[in-house]
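Here are my notes on the model you sent. Please read them with the structure open.

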Amino acid sequence: MALLQLRGLNKHFGGLHVTNQVNLSFETGEIHCLIGPNGAGKSTLFRLILGEYAPGSGEIFFAGEDITTLKSFARIARGLSVKFQVPGVFKGLSVRQNLEIALQRTRHGAELDREIDRLLAFLGLEAEQKQTAGNLSHGQKQWLEIGMATSLRPRMLLLDEPTAGMSPEETFQTGEMVKRLNAEGMTVLAIEHDMAFVRQVAQRVTVLHLGQVFAQGSIDDIVADERVAAIYLGQAHHHA
Amino acid sequence: MNGLISLFRRLEGPQTKGRGLLFWSVFMVALIGAIAYPMFSDGYTVGNTAYFFVWVFIALSLCLIWGYGGALSFGQTAFFGIAGYSYGILTLNFGAAYGFTLVAVLAAVAIAAVVALLLGYFMFFGRIEGVFLGIVTLAVTLMLERFMAQTAGPDWRIGAARLNGFNGMSGMPPITIPWFDGPIVLFADVGLYYLILALVVVVYLGLRILVNSSFGNVIVAIRENPERAEMLGYDIRKYQLINFVIGAGLAGLSGVLYTAWGQYITPSSMGMTSAALPLIWVAVGGRSDLTSTLVGTLVVLAGFQALTIYGSQYALVVMGLLLVLTVLIAPNGLVLGAMNVIGRLVARAKGGRN
Amino acid sequence: MDIATFAFAALYQFADAFAFLVLSACGLAVIFGMMGVINLAHGEFIMCGAYVTATAVHAGLPLPLAILAGALVSAVVGMLVEFVVVRHLYERPLDTIVATWGLSLIATQGTLIVIGSTMAGVGTPFGSFQVGAYSYSIYRIVLFLAALGVLGSLYALFNWTSFGVKARATIQVPHMADALGVDTRWIYSLTFACGAGLAGLAGGLYAPTMTLVPTMGATFLMEAFVTVVIGGADVFLGTAPAAAVLAVVKSVMTSWQGQLFGQIGLLVAVIIVVRVLPKGISGFLLRERT
């Protein structure tokens, strides 16, 4: 069953179509990766799903409900959650407090403390819990934010370049973390450039290009698709 | 009972400096000193000290909105003035009998809060932020000052209360508490001092609990990263609005007590200069901590008072310099900086003993 | 009153309000638009311009030259302020507001100490003319033309001169401008001086129409604020149309209920507009374009 459905989604800034008639459907329980060259409209699509932008036309359905006009926080309350591209932690607050703020909406008292401790262990940040989040390493910040996003127990987790700036080893660990969360029942949608990561986690891959769905399939289908290689090459050409 | 204990646990937390036996011992000593102080002084001096305490509420309100919430509100003096004038209008019309002044205090604070609710709705639900918030609130304040300054004519009256334009309103009754053998009138001396001191303690402790509660967590989260806070499922506009209204109520409390203390209020209490002063106290003290703000406000006010012997213009120039230098050199505030140093020293002493 | 004289009265009121809004705001808007900084000492730069203008007139300088002197002195003071204070706070725009407020306090009270509570003013030049039963000040028409002149010059400055092009590059991509060899510090410094100079010009232009007191800057401040809030970050797409819209509100309210209600009308308009257009008119226009 489709958990998230985008129907004919359009967003344009002036004459520029950033997303153009996007129809996409994400199934319950899958890990889905969104790839595409820079400017393909991936991040705009995320902002539309999260309600940070209002679409020019089209509809967004989540778990069968039309959420097109809902505010961001209301979408989160319905079971969406996100990890931003630039680590979005509360830099001036302690690691523990970051998690507390994420969790306190749904948990209270002793249960809240227990859950924070469990998450700290899960993220490997027990030793850093009293540190200010701004002092963490880049990779640790990424994990902390993933931890905050997942602590909401969302039905669907959106990850915008979760491994940006990570070492190959950290990237691999992040991939394993995503798979573990998925195994617990979380649907995952990730924007990612790192093909090793995509290969490690993705069950399905969608290629966006110029604001439109360009191709869709398994990672092997996509890699074998010459047209996909061509748009990436074209882009590389462009930049050179 | 359990609820009460968990409430008291919130007196300490990550959002407030000062914890443990040492801090609360110092707190108790300061409190006992403040309670005992009138026995060693005369009524006039005690009344002047009460005047210092009057300003604590507006300072704490700015600390809450700006320091904790990250929203720069220059409109605190507007709420101060609204509540002050409301108290005057109400008591001049209905008098002080049957404890009405107490009702007027509450009503005046409520009026300030309602105005804040309206203004805040347009601002926060319009999602204006940063510098714009500062200038919209300041524009409202300046407007109110101008409005009140031109109410000189005899037409400008609400019931029995003449607004009196630039000269302001005067002659309202002080706060009066009904009592068995005749009402207690709290003129600006010992009685009023104790009332205001009690309010300072209650508000200070109450705010400590508030900022360390889950509400306070969200408020500082919005200051740190509003987008992330919203994407954790919080309707940040609501939290900002509630925080703004609480702050306006506190600023209003200052306004009411100021009016009751001196039995007058003028439009200049909402002007540019008056609006700058709370900013100076809070910035110099340390805006992101209640205790630093409280201590900073009292210290700077005392310094200001000492300087006005040489003329209030000179004192204000020094205040301006103090503000500029604080922002340039110690942006977190002088008292907060000092408290951090003390905290480190205490920690080191403890570490040495173990 | 027949239609023609009524129309003239309305037009005159509008022009008067428009000139006041544009001249009050443009200095603030240039600094905010280019640097993202709100200069709360804006009113004191206006006061500075007015005081210098009056002093120069008393010293025997003709009024136009005296006004220019006022603008120039304000610009120099502005550059100094940028160098001593504002420069160190570009990373913290909110703190800039606070620091410039401190400067404003120092300037107002300092002037009070040094010069006293009032200063001898300057007479309004040109006299008046008659339309229908009412007489109008010619100088107000001059002020309106001056406002148009300022907008035109700013347009020319930022589009046709090398300073303007560099300044706009510096706002849009500071590190790129740096890499291209533009001295961004110098650009910021000049921009701040330009904003302060415009404030001084406003002070000089209005010096003949008002009493000169140390707190006179506050008279301009609210109008400057509301224009910038409604206008947003762009001087041409924001300040000018915002001033036009607000001038209509203000002149209608003023002729209906008087000066004060003109100002209240402004404020209410602003609070409603921020709810609808959070990024101001220029934000709205720019969103449609990009």
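Predicted model: local features only at pLDDT ≥ 70, side-chain atom pairs only at ≥ 80, totals over all residues.

1. Start with one ion pair: Arg146(B) and Glu223(C) form a salt bridge, with 3.5 Å between the closest N and O atoms. The count between chain B and chain C is 2 salt bridges. Residue pairs in polar contact number 3.

2. Look next at the elements behind the contact. On the side of chain B that touches chain C, α6 (100-125), α7 (131-149), α12 (272-285) and α14 (312-329) of chain B each supply at least two residues. By type, the residues on that side are 33 nonpolar, 7 polar and 3 charged.

3. Now the area. Chain B and chain C bury about 4,000 Å² between them, and 82% of it lies on carbon and sulfur atoms. Ile135(B), Met143(B) and Arg146(B) supply 16% of what chain B buries against chain C, more than any other three residues. The contact takes 43 residues from chain B and 43 residues from chain C.

4. Turn to chain A. Its open sheet has 6 strands in the order β6-β7-β8-β3-β9-β10, with mixed pairing. β6 (80-83) and β10 (212-217) of chain A each have a single partner strand, so one side of each lacks a neighbour in the sheet. On average, neighbouring strands are turned by 20 degrees against each other, direction ignored.

5. β9 (residues 204-209) and β10 of chain A run antiparallel, joined by 5 bridges. In β10(A), Ala215(A) is the bridge partner of Val207(A).

6. Two helices deserve a look. Helix α1 (residues 42-50) of chain A lies across β3, β6, β7, β8 and β9 of chain A, at about 145 degrees to β7(A). Helix α6 (residues 168-183) of chain A touches β3, β7 and β8 of chain A, and its direction makes about 135 degrees with that of β3(A).

Terms used:
Residues numbered from 1 in each chain as written. Chains lettered and ligands numbered in written order. Heavy atoms only, no water. Pairing = 2+ DSSP bridges. Helix = DSSP H or I, 4+ residues; strand = E, 2+ residues; numbered from the N terminus. Axes fitted to C-alpha atoms, helices over the stretch in contact; angles between N-to-C directions. Contact = heavy atoms within 4.5 Å. Buried area = accessible area lost by both parts, 1.4 Å probe. Salt bridge = Lys/Arg side-chain N within 4 Å of Asp/Glu carboxyl O. Polar contact = N/O pair within 3.5 Å; in protein donor to acceptor, adjacent residues only side chain to side chain. Nonpolar A, V, L, I, M, F, W, Y, C, P; charged D, E, K, R; others polar.
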